[in-house]
Amino acid sequence: MKPKQTSSAHVFIFSCPAQGHVNSMLNLAQLLALHNLHITLLNTEHIHNRLTRFSNIESLLARYPTLRFKTIPDGLPEEHPRSGKRAGEPLLSVMAHGKPFLRDILVKDRVTCLVADGFFGKLANETAEEVGVPVIHFRTIGASCFWTYFSVPNLFESGELPITGEEDMERIITTIPGMENLLRCRDLPSFCRPTREGEPVSPLLKTVVSETRQVLRTRAAILNTFDDLEDPALSQIRGRFPTVFTIGPLHQHRELRAPTATNTMKSSNNSIWEEDTSCMAWLDSQPLRSVIYVSFGSFTTMSRESLMEFWYGLVNSNRRFLWVVREDMIAAGEGKDESVPAELVEGTKERGLMVGWVPQVDVLAHKSVAAFMTHCGWNSTIESVVAGVPMICWPYFADQQVNSRLVSEYWKVGLDMKDVCDRKVVENMVNDVMVNRKEEFLQSAEKLAVLARKSVTEGGSSYINLNRLIDFIELISQ
Ligand code: UDX
């Protein structure tokens, strides 16, 4: 599709203040700007400042004359950490306080279409309805989890929710249309679990489900997935809500239409963390397909005890490992400053590298990487799918429980160690994925990677859908 010369559409893209969401939104912004739509990406001030520090925003602005950035406050005090265990608070704060800012900007900037993160569904719908701007929701999670959230009310009706306790966790869920018998209670989104305080489900479940159902009030939905990856859930979603644009894997789509390759980096980073690129030289010096890459994304926190189980498991596996340990991954007071046993220091020196944040897409594409131990955030999952890298899943929260089930049982591209954190299990799974069952997982992962790449090349489903989306935006902007 040739970029149009000019467009009267002015699209506002409203992102949730979290790494995984910002990533997807920035990729979408670039794809739309490439087609000469006027795009404003709206972030919180805090996220924008971090993007300015750690990503190359200047070069994006130079590259896309129709792209610009705007900010709103997140309503939290300057000194709020906005990380670790409190990383989710900015999202809830914007939901509560963002409306007057959003309304003001929509009116003053003569916005013709609002593409809002579906997590901000109610806020976006109410504000846009007040000022007469059409809304599209962009859900940055996978279609299967989106559909699971959508189906939660049916699960209560059929008696499959609530979960009664640990002894109930293996029970198979049968009443999610299109996904019958795939998920166990254990694989439902984490918010469906009973809480430590004795509530039948997390208080957040109600919010997440009602935000999900807000999609019914919009003109269309965008999903960062592709048709061959999640066909059963997508068929159901399209039955309920016909105007769905599946345009993923977005990072690959963006890279194909607007390559950012430089001599040193293959992809642009979209990062709100400082990348330690020294890991690329380290990977260059490792044998072909010999390294397990370990990262639990931008939200996961863990106790020192869990960290030690992973560390022993990795060292005892005798495989090489590259491990992202964010500075806020272990909270202060949870043993962060205790000394490390000598055998771990030795084992890491011999075969490992631990860093604070890496250029993940480039790491996954590196020829030395054989497997990915991941929390199964949707971006990490789909990035691994594109790279054809088998996974070991340790989901932390939200959609990740569903995604890890897809990895192990539906796509069969890895193993799921959900709810277990034990050094022997880590050691065994690393060796299963990298040695004992290597060929089996590699073959399935490579098949999926071919489909992923096909979807975003000319004639592929996501390629066609992006062109349709651009036409749709032009239409509703008139
Ligand atoms: C959050 C939720 O945790 C996740 O479940 C949901 O699907 C999206 O929002 P997050 O924890 O940030 O996501 O995980 P993920 O979706 O995987 O996104 C992390 C992003 O950070 C990925 O795009 C990954 O490439 C990037 N990353 C991660 C890096 O660039 N470097 C790193 O060292 C680690």
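Me: What makes the residues V11, I13, A29, L114, V115, I292 and I392 stand out in the largest nonpolar core?

Reply: In this predicted model, the largest nonpolar core has 140 residues, and V11, I13, A29, L114, V115, I292 and I392 are the ones that touch the most other members. Helix 1, which covers residues 19-34, gives the most to this core, with nine residues.

Me: Which residues does I392 touch, once those up to four places away in sequence are left out?

Reply: I392 touches A371, M373, G414, L415, M417, M429, V430 and V433, where a touch requires that the two C-beta atoms lie within 7 Å.

Me: Why is T218 called buried?

Reply: A residue is buried if 20 or more other C-beta atoms lie within 10 Å of its own; T218 has 21 such neighbours and therefore counts as buried. T218 lies in the loop between helix 8 (203-213) and strand 6 (220-223), and, leaving aside residues up to four places away in sequence, T218 touches N125, V135, I136 and H137.

Me: What makes strand 1 "mostly covered"?

Reply: Four of the five residues of strand 1 (residues 10-14) are buried, which is the basis for that description.

Me: How do you know that strand 1 pairs with strand 2?

Reply: Pairing asks for at least two bridges between the strands, and five bridges join strand 1 to strand 2 (residues 38-44), so the two count as paired; they run parallel. Within this pair, I13 stands opposite L41 in strand 2.

Me: Why can the overall size of the protein be said to agree with a compact globule?

Reply: A compact globule of 478 residues would have a radius of gyration near 23 Å, and the protein has 22 Å, so the value agrees with that expectation. Along its principal axes, the C-alpha trace spans about 65 × 55 × 50 Å, and 50% of the 478 residues count as buried.

Me: Which residues of the shell around the ligand are the closest, and how many residues surround the ligand?

Reply: The ligand is surrounded by 25 residues, of which G20, G297, Q360, G377 and S380 are the closest. Helix 1, helix 14 (360-365) and helix 15 (378-387) are the elements that give two or more residues to this shell.

Me: How is the shell around the ligand made up by class?

Reply: By class, the shell has nine nonpolar, 14 polar and two charged residues, with Gly counted among the polar ones.

Note on methods: Residues numbered from 1 in each chain as written. Predicted model: local features only at pLDDT ≥ 70, side-chain atom pairs only at ≥ 80, totals over all residues. Rg over C-alpha atoms; globule rule 2.2 N^0.38 Å. Buried ≥ 20, exposed ≤ 12 C-beta atoms within 10 Å, placed from the backbone. Core = buried A, V, L, I, M, F, W, Y, C linked by C-beta atoms within 7 Å. Near = placed C-beta within 6 Å.
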